[in-house]
Amino acid sequence: ARRGRLTIGTEIEEFESFIGFWSPRDYEEQWIEGAERVATLGKNSCLLTSVTDPQETEHLRWWLMYPRDNDVVFQEALLLVRTLPRPFSTENPYEFVPAHRAVEEDGRAISEWLVPKAEVAAFAREGLQRRR
């Protein structure tokens with residue numbers, strides 16, 4: 001596993017990513033693609049932060065991203081793989097991003113972070129430039 005840090009606006013969240021099924025490069029590639037998807041295309045997206053073999057695991061960790069006007073809404077979430085209607089695919093994780101919800105079923109607010117869309121787009125551009 002590797003320790004990671006996600007800076008969302010002024011908030012800093014630390015996490016642990018499992019290495020083996022995915023390499024650090026796989027995570028980086030998906031993060032760039034996910035950021036570009038939400039910031040440039042205006043589509044719901046995600047950043048996978050802990051990926052093990054979807055056929056063998058019960059859950060994956062990810063940050064969901066939703067475009068909202070000039071911002072991107074971030075929510076940390078746990079994806080329960082066995083509850084999905086079809087097998088999870090790391091090739092296209094975006095098809096599994098649920099619709100945005102601000103409140104849990106029990107009425108509790110879901111923690112959210114708002115980040116200017118321009119900052120998310122800048123992250124994607126910098127990542128694309130590093131790849132070249």
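## Aromatic rings and the core

Phe88 has a relative accessibility of 4% and therefore counts as buried, where buried means under 20% relative accessible area, exposed over 50% and partly exposed in between (1.4 Å probe, protein chains only). A word on the model: it is predicted, so local features need pLDDT of at least 70 and side-chain atom pairs count only at pLDDT 80 or more, while totals for chains, interfaces and linings use all residues. Residues are numbered from 1 along each chain as its sequence is written, and side-chain values use heavy atoms, with hydrogens and water left out.

Phe88 belongs to one aromatic cluster with Trp62 and Phe96. The structure holds four aromatic pairs; rings of Phe, Tyr and Trp (its six-membered ring) pair if their centres lie within 6.5 Å, and planes under 30 degrees apart count as stacked, over 60 as edge-to-face and the rest as tilted. Two of the pairs are set out here.

| Pair | Centre distance | Plane angle | Class |
|---|---|---|---|
| Trp22 and Tyr27 | 5.2 Å | 85° | edge-to-face |
| Phe88 and Phe96 | 5.0 Å | 40° | tilted |

Trp22 is buried at 8% relative accessible area, Tyr27 at 7% and Phe96 at 8%.

Which residues have the most contacts inside the largest nonpolar core? They are Trp62, Leu64 and Phe88, in a core of 18 residues; such a core is a set of buried Ala, Val, Leu, Ile, Met, Phe, Trp, Tyr and Cys residues joined through side-chain atoms within 4.5 Å. Strands β3, β4 and β5 (71–80) each supply at least two residues of this core, and β4 gives the largest share, four residues. Strands here are DSSP runs (E, at least two residues), numbered from the N terminus. Another core, of 16 residues, lies apart from it and includes Ala35 and Val120.

Trp62 sits in β4 (residues 59–68) and is buried at 2% relative accessibility. Its C-alpha lies 7.3 Å from that of Leu79, 17 residues away in sequence.

## Around β3

Ser50, in β3 (residues 45–50), is buried at 6%. Beyond its neighbours within four places in sequence, Ser50 is in contact (heavy atoms within 4.5 Å) with residues including Tyr27 and Leu60.

Thr57 lies in the loop between β3 and β4 and is buried at 12%.
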